[in-house]
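Could you walk me through this protein model, one piece at a time?

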Amino acid sequence: MRCSRLRRRSYDLTEDNKFAEETSTIFGVPFEVVPFKANPQGAKPQPEKRYHVYSVPQKSQYRLEFPRVKGYTQAVQNRVTVDWTTIAALEINPFKIAPEVQVKATLANNQGRHSLSGPGKLESLDLNPYRQGKRLQELVFELAADLTQTYCQTEQCQAPPHVLFPQLRKICDRYLTEKVKVVEPAHILDLFLSPYYGWVIEKLSESIYPDTGAGEAPEIPKFEAHLGNGSTDDINFFTGKPVREVVKSHLNCVVADTDQWEQAAAYIIDNHPATAAFVKNERLGFTIPYFHNGEDHDYIPDFIIRLKTAKSNYLILETKGWDELREVKQAAAKRWCNAINADGKHGHWQYFLTGLSKVKEGIDEAIKEIEALTN
């Protein structure tokens, strides 16, 4: 018997980033040979229409270009600092990572598992023995030492450890005092255990900058040399997601990831008098690098806006709701903007994270900041 390979009819993703369910009827093959489990809710309906999103040559006045950044370069000689307004905070939450458990020293059940029921004394295991043997200042010293070692091993550091350590100890002390939130019954000393300890090292390492106020050269970006700058020139794709036509964009329309959120934000941006051009960051290739939980990641903000000013000024606008990594991504975006602005070859960039109700205020604030810099 000759068999044919089945192919999907559509490769468009649904709102939850999954392929829509597709089924097929196979003739001539007994069902007991090829079992089929029917979906009780029925097959999901296919998108009624696929939309073509592309750059319009006649709208080239709204063309946008952006640099591709893969990392950063520092040349610290003596002094470092931290931007305390953007560094991500840390929460020690016992409801996410339990600091105590209850166990019984008994035989496993017939399934090979230990149980709280049955014979044996119920024992509680917690972190109190560890906490009793530690002092906070001792652990701050340990954290500063590890941070100094981690930072000195990077290519961007040229300062000797004995110069950096006193500065990093003060930074660690302030971070624990101002940026660490402890939810009872957890304790601040739990921070020096995994995974919290590694997260603190990551957050601080990613947030240390050359102190330009003390004469240090600023941090500058490392660009993707083989790709060059990205732009709206080559956008051309199809989507099953809803779209909205816009005026001040090089593209013919804006793709919406939600039912109303992006459409409403795009409408506000498109009609704001300070908007010269904008684009929704959908398959544009604009990403911001950041490091979290031991891995490199790419943050994809929602919009890029070119502001209607005498010189080249841009606003990266994020309009999404709650995100567990909200502060981490915000710190990464601020770092990206600071490095690009220090490089000075791609205009002036700002970042604003807001809810839908304050999109207009975000653009207004960006204009005010530009006016303050030029006065």
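**Charged pairs, a sheet and a helix**

Let's begin with two neighbours in the chain: the side chains of Glu 282 and Arg 283 meet in a salt bridge, at 4.0 Å from N to O. Keep in mind that this is a predicted model. The two partners sit in quite separate classes when it comes to cover. Glu 282 counts as buried because its relative accessibility is 13%, and the cut-off for buried is under 20%. Arg 283 has a relative accessible area of 52%, so it is exposed, as anything over 50% is.

What's the idea behind such pairs? Side chains of opposite charge can pair when their charged atoms come close. The structure holds 11 salt bridges, so let's visit a few others.

Look for Arg 335 and Glu 206, whose side chains form a salt bridge with 3.2 Å from N to O. This pair links distant parts of the chain: Arg 335 belongs to helix H6 (residues 326-343), Glu 206 to helix H4, and 129 residues separate them. Is Arg 335 buried or exposed? Its relative accessibility is 5%, so Arg 335 counts as buried. Glu 206 comes in at 29%, which means it counts as partly exposed.

Lys 360 pairs with Asp 364, and their closest N and O atoms are 3.0 Å apart. Both residues lie in helix H7 (residues 359-374), with a spacing of 4 residues, about one turn of the helix. Lys 360 is partly exposed because its relative accessibility is 45%, and Asp 364, at 23%, counts as partly exposed too. Salt bridges can also join up into a network, as they do for Arg 63, Glu 65 and Asp 233.

On to the strands. Strands of a sheet pair through backbone hydrogen bonds, either parallel or antiparallel. Here, 4 strands make an open sheet in the order S15-S18-S19-S20, and the pairing is mixed. At the edges are strand S15 (275-280) and S20, each of which pairs on one side only. Neighbouring strands of this sheet are turned by 20° against each other on average, if you ignore direction. Helix H6 packs on the sheet and touches S19 and S20, its direction making about 170° with that of S20. H7 packs on the sheet as well, touching S15, S18, S19 and S20, and its direction makes about 145° with that of S20.

Zoom in on strand S19 (residues 313-318). How many of its residues are buried? The count is 6 of 6. Both faces are covered: Asn 313, Leu 315 and Leu 317 are buried on one side, and Tyr 314, Ile 316 and Glu 318 on the other. Strand S18 (residues 303-307) runs antiparallel to S19, joined to it by 4 bridges, and a hairpin of 5 residues connects the two. In that pairing, Arg 306 stands opposite Tyr 314. With strand S20 (residues 348-353), S19 pairs in the parallel sense over 6 bridges, and there Glu 318 has Leu 353 as its bridge partner.

Let's finish with helix H2 (residues 136-152). Its 17 residues reach 24 Å from the first C-alpha to the last, close to the 24 Å expected at 1.5 Å a residue. Its buried residues are Leu 139, Val 140, Leu 143, Ala 144, Leu 147, Thr 148 and Tyr 151. What covers them? The cover includes helices H1 (128-132), H3 (161-178) and H4 (196-207), along with strands S4 (80-82) and S9 (208-210).

Notes:
Residues numbered from 1 in each chain as written. Predicted model: local features only at pLDDT ≥ 70, side-chain atom pairs only at ≥ 80, totals over all residues. Heavy atoms only, no water. Expected span 1.5 Å × (residues − 1). Buried < 20%, exposed > 50% of the residue type's maximum accessible area, 1.4 Å probe, protein only. Contact = heavy atoms within 4.5 Å. Pairing = 2+ DSSP bridges. Axes fitted to C-alpha atoms, helices over the stretch in contact; angles between N-to-C directions.
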